[in-house]
Amino acid sequence: MRGRALVLIGFMGCGKSAAGRALAHRLRLPRFDTDEMVVAHFGMPITQIFAQLGEAQFRERESAVLQKISSDQECVVVTGGGIVLRRENGNALRRLGFVAHLFAREDVIFDRVSRRSTRPLLQTANPRTTVMKLMQTRAALYRAIADASIDTSDLTHAQVADAVLDAWQHHPETAAL
Ligand code: S3P
């Protein structure tokens, strides 16, 4: 049995955080953001977690916080872009509920992620190539667990929220509830 959560997955910069906030507000549902939960656990920002403890520890905690989200409650779950790297996380996300995959064109993603330096994986000599490579290796992982995929390239945050809600409401499993 799958839960009643609305789960957002997708690459960095696809709009998960903003859409998650808008959706939780509109639906008056609690919001769980795995990045925020990991940051709260360690008491330091993600860049510092990666620099001081390493990516492996970040990933361990990311899986652990995901397991803490109960599938009994209706809620909005926002995830970090790399959460799909572990198969067990994909299963856990599908157990929680409807999985919406947000994506955008590579140039749009690059433009969005370039505005901030809060993403340790993109602090490379050539971030554009890094974005391209990571997007290529992860695309299939997102699609494998998604119930719906939404292109956010030309949408505002509110439009993304509308599109996610529309996909959720029209999904066959939701209609059967
Ligand atoms: C990551 C994405 C980030 C954050 C961490 C690693 C990734 O979250 O979890 O920097 O591996 O794609 P966002 O997708 O919210 O940027």
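# Worked exercises on a ligand site and salt bridges

In this structure, a polar side-chain atom of Lys 16 lies 2.6 Å from an oxygen atom of the ligand. The model is a predicted one, in which local features need pLDDT of at least 70 and side-chain atom pairs count only at pLDDT 80 or more, while totals for chains, interfaces and linings use all residues. Residues are numbered from 1 along each chain as its sequence is written, and side-chain values use heavy atoms, with hydrogens and water left out.

## Exercise 1: the ligand

Task: Find which residues are closest to the ligand, and state how much of the ligand's area the protein buries.

Solution. Begin with the surroundings, where a residue is near a molecule or strand if one of its heavy atoms lies within 4 Å of it. The ligand is surrounded by 13 residues, and the closest of these are Lys 16, Asp 35, Arg 59, Arg 119 and Arg 138.

Next, look at individual atom pairs, bearing in mind that a polar contact is a pair of N or O atoms within 3.5 Å (within protein, one must be able to donate a hydrogen and the other to accept it, and residues adjacent in sequence count only if both atoms are side-chain atoms). Asp 35 places a polar side-chain atom 2.6 Å from an oxygen atom of the ligand, and for Arg 59 the corresponding distance to a ligand oxygen atom is 2.7 Å. The ligand taken alone exposes 390 Å², of which the protein buries 95%; such accessible areas come from the Shrake-Rupley method with a 1.4 Å probe, and for residues only the protein chains shown count as cover.

Finally, locate the site: the ligand sits in the largest pocket. The search uses a 1 Å grid over the protein atoms alone, on which a cavity is a set of points where a 1.4 Å probe fits but cannot get out, whereas a pocket is an open set with protein on both sides within 12 Å along at least five of seven lines, and lining residues have an atom within 4 Å of a point. A molecule sits in a cavity or pocket if more than half of its atoms lie within 2 Å of its grid points.

## Exercise 2: salt bridges

Task: State how many salt bridges the structure holds, and explain which parts of the chain the pair Asp 147 and Arg 2 ties together.

Solution. A salt bridge is a side-chain nitrogen of Lys or Arg within 4 Å of a carboxyl oxygen of Asp or Glu, and the structure holds 15 of them. In one of these, Asp 147 and Arg 2 meet through their side chains at 2.6 Å, N to O. Because Asp 147 lies in the loop between helix 7 (127–145) and strand 5 (148–151), and Arg 2 in the segment before strand 1 (5–10), the pair ties together parts that are 145 residues apart in sequence. The names of these elements follow DSSP runs numbered from the N terminus, with helices (H or I) of at least four residues and strands (E) of at least two.

Then compare accessibility, where buried means under 20% relative accessible area, exposed over 50%, and partly exposed in between (1.4 Å probe, protein chains only). Asp 147, at 18%, counts as buried, and Arg 2, at 23%, counts as partly exposed.

Now take Arg 59, whose salt bridge with Glu 55 has its closest N and O atoms 3.0 Å apart. Both residues belong to helix 4 (residues 55–68) and lie four residues apart, about one turn of the helix. Arg 59 is buried at 9%, and Glu 55 is partly exposed at 31%.

Arg 128 and Glu 106 form a further salt bridge, 3.7 Å from N to O. This pair links distant parts of the chain, with Arg 128 in helix 7 and Glu 106 in helix 6 (residues 106–113), 22 residues apart.

## Exercise 3: helix ends and loops

Task: Identify which helix Asp 33 caps, and decide whether Arg 28 is buried or exposed.

Solution. Asp 33 caps the N-terminal end of helix 2 (residues 34–42), with a side-chain oxygen 2.9 Å from the backbone nitrogen of Asp 35. Just after helix 2, Gly 43 has a positive phi of about 70°.

Most residues other than glycine have a negative phi. Arg 28, a residue other than glycine, has a positive phi near 55°. Arg 28 lies in the loop between helix 1 (16–27) and strand 2 (31–33), and with a relative accessible area of 75% Arg 28 is exposed. Leu 29 is in the loop between helix 1 and strand 2, but Leu 29 is buried, at 15%.
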